[in-house]
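Dear colleague,

Here is the structure I promised to pass on to you. My notes on what was found in it follow below.

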Amino acid sequence: MVRVLPDRGKALELRQCKSPGRVEPSRPALVPEVPASAVRAPLVLVVHGRTGGVIPADLQHLADRLSRRRGAPVLLQALTAPAPEAGPDFWAAAQRAGAIGLVPLFLLPGGHVRLDVPQIAVAWRGRAHQAGLSLRRLPFLGAWPIWQRTLASVLTVSARQAGAE
């Protein structure tokens, strides 16, 4: 078990999968709800997707858990499909927060991050502007220091385990 301390001091536990060298987050029985007093902007997570705009079930599960944990709607937008329809709950949360967040779930700054994501951001910025809101575009996931530290920890543990075998 690897314990990583992400921002805000909350521990994230990773456990070894059945496949060698892979880890996955431990799934707590209860996902804490965000206090009603905390206003969080709804998120649009940009993912690669599959042919025809199909989004894998694991990413759907991630979006659902993230939405519950943050107390704000989370949409998934696949590069391979048109933008999803944001329902009334999404826009109501955006109005309360005054913004929409856009998070590209990519590990490297390849063509999708450099070309596709900016185009998607322009489209969402236009939608947000029409509603009197701003768009907060976060860096691609691979640029986040917490992600880099997590990967480094996982690789260290994997290397130790490989050396012990």
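**The sheet and its helices**

Val-46 has Gln-77 in strand 5 as its bridge partner. This is a predicted model, in which local features need pLDDT of at least 70 and side-chain atom pairs count only at pLDDT 80 or more, while totals for chains, interfaces and linings use all residues. Residues are numbered from 1 along each chain as its sequence is written, and side-chain values use heavy atoms, with hydrogens and water left out.

Strand 4 (residues 43–47) and strand 5 run parallel and are joined by five bridges; strands and helices here are DSSP runs numbered from the N terminus, with at least two residues (E) for a strand and at least four (H or I) for a helix, and two strands pair if DSSP finds at least two bridges between them. The open sheet to which they belong has four strands in the order 5-4-6-7, with parallel pairing, and its edge strands, each pairing on one side only, are strand 5 (74–78) and strand 7 (134–137). From one strand to the next the twist averages 25°, where axes are lines fitted to C-alpha atoms (for helices over the stretch in contact) and angles run from 0 to 180 degrees between N-to-C directions.

Helix 1 (residues 57–70) packs on the sheet, touching strand 4 and strand 5, and its direction makes about 150° with that of strand 5; contact means heavy atoms within 4.5 Å. Helix 2 (residues 88–97) lies across strand 4, strand 5, strand 6 (99–104) and strand 7, and runs at about 110° to strand 6. Strand 6 and strand 7 are parallel and joined by four bridges, with Leu-102 having Arg-137 in strand 7 as its bridge partner.

**The aromatic rings**

A search of the whole structure finds two aromatic pairs, a pair being rings of Phe, Tyr or Trp (its six-membered ring) with centres within 6.5 Å, called stacked if the planes are under 30 degrees apart, edge-to-face if over 60 and tilted otherwise. Phe-90 and Trp-91 form an edge-to-face pair, at 5.4 Å centre to centre and 80° between the planes. The rings of Phe-90 and Trp-124 have centres 5.9 Å apart and planes at 50°, so this pair is tilted. Because Phe-90 lies in helix 2 and Trp-124 in helix 3, the pair ties together parts that are 34 residues apart in sequence. Phe-90 is buried at 2% relative accessibility, and Trp-124 is buried too, at 1%; buried means under 20% relative accessible area (1.4 Å probe, protein chains only), exposed over 50% and partly exposed in between.
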